[in-house]
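This report describes selected local features of one protein structure.

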Amino acid sequence: MKPKLTNSDYSWKNLKTFFFRKMKNPKRKPKILTASIFLTVLVFSALFIGQKTNQRFLEPTLIFEDANNTLAEVISGEDKWETVETYELTLNANSETTNMMSPPPPTKLSLEQVRNGSGDSPLVNVDWQNGNAGASNAHYVEGWGIPYRAIITNIPAGTHSIDIAWDIKHSSANAIDFIGYYDLLDYEPGTHAANFNHLKETIDPTSGYSGMGLESTADIPEPDFSGVPNDALNTFNAIKSDNLAKMAIWNGTINSMTYVSQGDLAAASSTTVLRIVFTTDGGDLILSWSGHIAKKTDWGDGNSASAVSGSPYHSRILQWDEGNNGDFTSVGNQDRSLSAAAVINPPPCNVAGPGLVCPSSTGHVYENDAVLPNSTSIIPDGYKYQWSVTGNGNISSGDSGTGAKVSVDAGTGCGISYTVKLTITTTNDVFVTSCEKIVSVEDSTSPTWTTSPGADATIDCPSEPVFTAPTASDECSTATVNEISDVTTPGSCTGTYVRTKTWEAVDDCGNKSSQVTQTITVRDITSPTWTTSPGADATIDCPSEPVFTAPTASDECSTATVNEISDVTTPGSCTGTYVRTKTWEAVDDCGNKSSQVTQTITVRDITSPTWTTSPGADATIDCPSEPVFTAPTASDECSTATVNEISDVTTPGSCTGTYVRTKTWEAVDDCGNKSSQVTQTITVRDITSPTWTTSPGADATIDCPSEPVFTAPTASDECSTATVNEISDVTTPGSCTGTYVRTKTWEAVDDCGNKSSQVTQTITVRDITSPTWTTSPGADATIDCPSEPVFTAPTASDECSTATVNEISDVTTPGSCTGTYVRTKTWEAVDDCGNKSSQVTQTITVRDITSPTWTTSPGADATIDCPSEPVFTAPTASDECSTATVNEISDVTTPGSCTGTYVRTKTWEAVDDCGNKSSQVTQTITVRDITSPTWTTSPGADATIDCPSEPVFTAPTASGRVLDSDRERDIRCHDPWLMHRHLRQDQDMGGC
């Protein structure tokens, strides 16, 4: 065999020349002619088969160039030569091969754009095409983005750069004004569905390529729109603020993006070039972006390219620089265009008509007054109108709402608008645009007065004002005259006032007129008149007081007030006697006065003085309070009364500090007349209990075995000595031994037996101390199965009660095999109060390290005669901890010295569940052959024959071994079992 080609036997070199071999059968394996070993260098041109899949060439066909510079075709046929990249293969001098590997595939670039289907037949998932697009396979609206992707296959690892370009001006119109994220088919969410009555198509730039990894993005630099209005730049910044001014890449990272040049916005046609520098780990790489379709709202009506004939929307890959070293290479024709017919330029729309109407008014006409290019009728060719009205209005009866104009009737509500909307669609309902106008339904004109209110006037009380209301009218609705106020302003006196009524006219929409008023003034100029005279003149006795009866008066307009204008007293001959005269005059609220009238009363004094207040009430007070007396008071109706204390007597009580004290008084007037005597008695007693000066010790809780210590209170008494007595000492047993509540009670008593409230001090003795361990549990241990664990429990004690040791768990954890386990006992000490100690444990591990024992031996060794078969008797075994399994670990047959004889030995071993193994035991049976063969047929009969006949013998047959050596060899050579036996015994086959 000839040696295969290894990596050390050849090398490839790109010759920078191109051949392409288009083959009928691209699946044929590449071949080359055998190279002679004396050639130093052979040059092979690797020609790639001419069928492409995603711009990748399939396996190469190889030819070689000999010493005479002649191209020798390796694979014959009617194949044609076309352009493809060529490589040079150099073989080492000592190499010889009949098979070789393909050269590395070249890097390829391709620019694709989206075909998303026509407007009435969209694709759910877009179709990426290395070709152009038109209205039959794509649909766009100004302001959307045309998705592009650049596919670079078999790209080497490293940093590279690529220049992409797009036409920003075409035929003096703005085409692709900037680029953005690849998915701008519905930049304003919902516009796609509104325009085409279907949802936005799904865009996946990695469609057709698996394993591209995660998407990475980088910010696209802001374009230079200086010298033009900011509308387009504002659109770019809006897209940027939505995080959509991004270039996307798969299997790479974008390092930078810079404009190589930016198109002249003043030129008829111009192009912008963007350089993208990126880094990749090699393989396949995808870049994706979209070209923003310039819209007339940014550039002005007529300046967008959707109305241009042909295909004004171009994007292209200009060149690329493998390695980013400044060595740019052209990538061929990578220019993709989109026809203007695939981009819809929304027809202009503006609703014109009245913006303010009266409620319930009718016949308001609205129309589209926008400029309609390329149209000879009010409704542009290829479009249809649909009018609608929402809110406080409706389309007039009889109007279909589909004409160039629409008639609208206003609703009855005031201040509630209605909206007139015009929807323009293509005749096949593919594209929709709309505009609307909000119309205010209101009446902003105030009503006007048709007649004025009555004239202002002045009248005399008690006459009442009579008013005349004005009247009003309104141009749009009914004018209602409302009396908005009726204000009465009191005059300077009762019964006089100024009354003003104010009116306002309001129409149905709430518009109000100016306010108008009528004022009537009511006055009072009439004096009051007397209705009754004053009381008659009289003489009375002191201490009686003169009682006068005033006269009464009335007035027609207000209240007549009777005023006492004088009260003159003339002293009599002694104190308390006099003559008193009163004079009255009537005045109304307006100051009109009547004539004056009088009454005179004479007062004389013949009455003694009288007590006006009694002395203080008799009382009993508590020691140590001092008696406080209240003297009586006296008066005299005619003169002054003097009160005199005539006695103050104290009588001692039955015990110290108690007594009765009495005071006596008498009143005398200026004439020496005396009153009766009056007294006040105060008894002083002691019924007040002593008071505590210090409290007993505070209640407390102490821990057993401490003893309670009490602090007795102290007391005092204001009238005598206070003695503190301990009246009880009660101990209440607690819920457990050693705990209790002990309470002492005290009471203070004074010399008079008055007792204080009882006070107590309580000390609670508790037990919250856990028992303590006096001895530990037995030590942890490991024992051998079948021994049983023996545990030693710990002991504990408690200062306050008995400590009980409880076994709280006894857990056995099985070991890894039968009979082994870990057993742990846990103890806890608890006293009578339930206080628990810490837990202690003892763990005993039971293991099995003892091998099983044989209970019976295997069968005895024996010798048997062929053809008997050996019969073995297996031994039995037992284990103290688990089951003993007897395993036959070998069955060895040793061939004997002749066919049919052998020695067969079986060996056993016992294993328990823990893997402990017993000693091995065996039984051997020897099979021997000591029996001679027997004849099964006799030889032919003896005979005599005649010459020239040849003797014919009939050989006998036998069972067992044939003694004849030739016969034995023949049996061995043709009997398969014998051949097998000989082979197993490595015997010479004796010439077989």
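## Thr-924 and its surroundings

Leaving aside neighbours within four places in sequence, Thr-924 is in contact (heavy atoms within 4.5 Å) with Asp-861, Ala-862, Val-903, Arg-904 and Thr-905. The side chain of Thr-924 also makes a polar contact with the side chain of Thr-905, at 3.0 Å. A polar contact is a pair of N or O atoms within 3.5 Å; within protein, one must be able to donate a hydrogen and the other to accept it, and residues adjacent in sequence count only if both atoms are side-chain atoms. Thr-924 is found in strand β67. Helices (H or I, at least four residues) and strands (E, at least two) are DSSP runs, numbered from the N terminus.

## Basis of the model

This is a predicted model, in which local features need pLDDT of at least 70 and side-chain atom pairs count only at pLDDT 80 or more, while totals for chains, interfaces and linings use all residues. Residues are numbered from 1 along each chain as its sequence is written, and side-chain values use heavy atoms, with hydrogens and water left out.

Buried means under 20% relative accessible area, exposed over 50%, and partly exposed in between (1.4 Å probe, protein chains only).

Strand β65 (residues 885–895) pairs with β66 in the antiparallel sense over ten bridges; two strands pair if DSSP finds at least two bridges between them. Thr-894 has Val-903 in β66 as its bridge partner. Six residues lie between the strands in the hairpin of β65 and β66, where Gly-900 takes a positive phi near 90°. β66 also pairs with strand β67 (residues 921–928), again in the antiparallel sense, over seven bridges. Here Tyr-902 stands opposite Val-927 in β67.

## A four-strand sheet

Another part of the model holds an open sheet of four strands in the order β24-β26-β29-β28, with antiparallel pairing. Its edge strands, each pairing on one side only, are β24 (351–352) and β28 (393–395). Strands β26 (residues 364–368) and β29 (residues 405–410) are joined by four bridges in the antiparallel sense. His-364 stands opposite Val-408 in β29.

## Aromatic pairs

A pair of aromatic rings is described by the distance of the centres and the angle of the planes. Rings of Phe, Tyr and Trp (its six-membered ring) pair if their centres lie within 6.5 Å; planes under 30 degrees apart count as stacked, over 60 as edge-to-face and the rest as tilted. A search of the whole structure finds eight aromatic pairs. The rings of Tyr-366 and Tyr-418 have centres 6.4 Å apart and planes at 90°, so this pair is edge-to-face. Tyr-366 lies in strand β26 and Tyr-418 in strand β30 (residues 418–426), so the pair ties together parts 52 residues apart in sequence. Both of these tyrosines, Tyr-366 and Tyr-418, are buried.

Tyr-385 and Trp-387 form an edge-to-face pair, with 6.3 Å centre to centre and 85° between the planes. Both Tyr-385 and Trp-387 are buried. Elsewhere, ring pairs link Tyr-181, Tyr-182 and Trp-250 into a cluster.

## Ser-720 in a loop

Ser-720 lies in the loop between β52 (714–716) and β53 (723–733). At 17% relative accessibility, Ser-720 counts as buried. Its side chain reaches the backbone nitrogen of Asp-751 at 3.1 Å. Beyond neighbours within four places in sequence, Ser-720 is in contact with Asp-750, Asp-751 and Cys-752.
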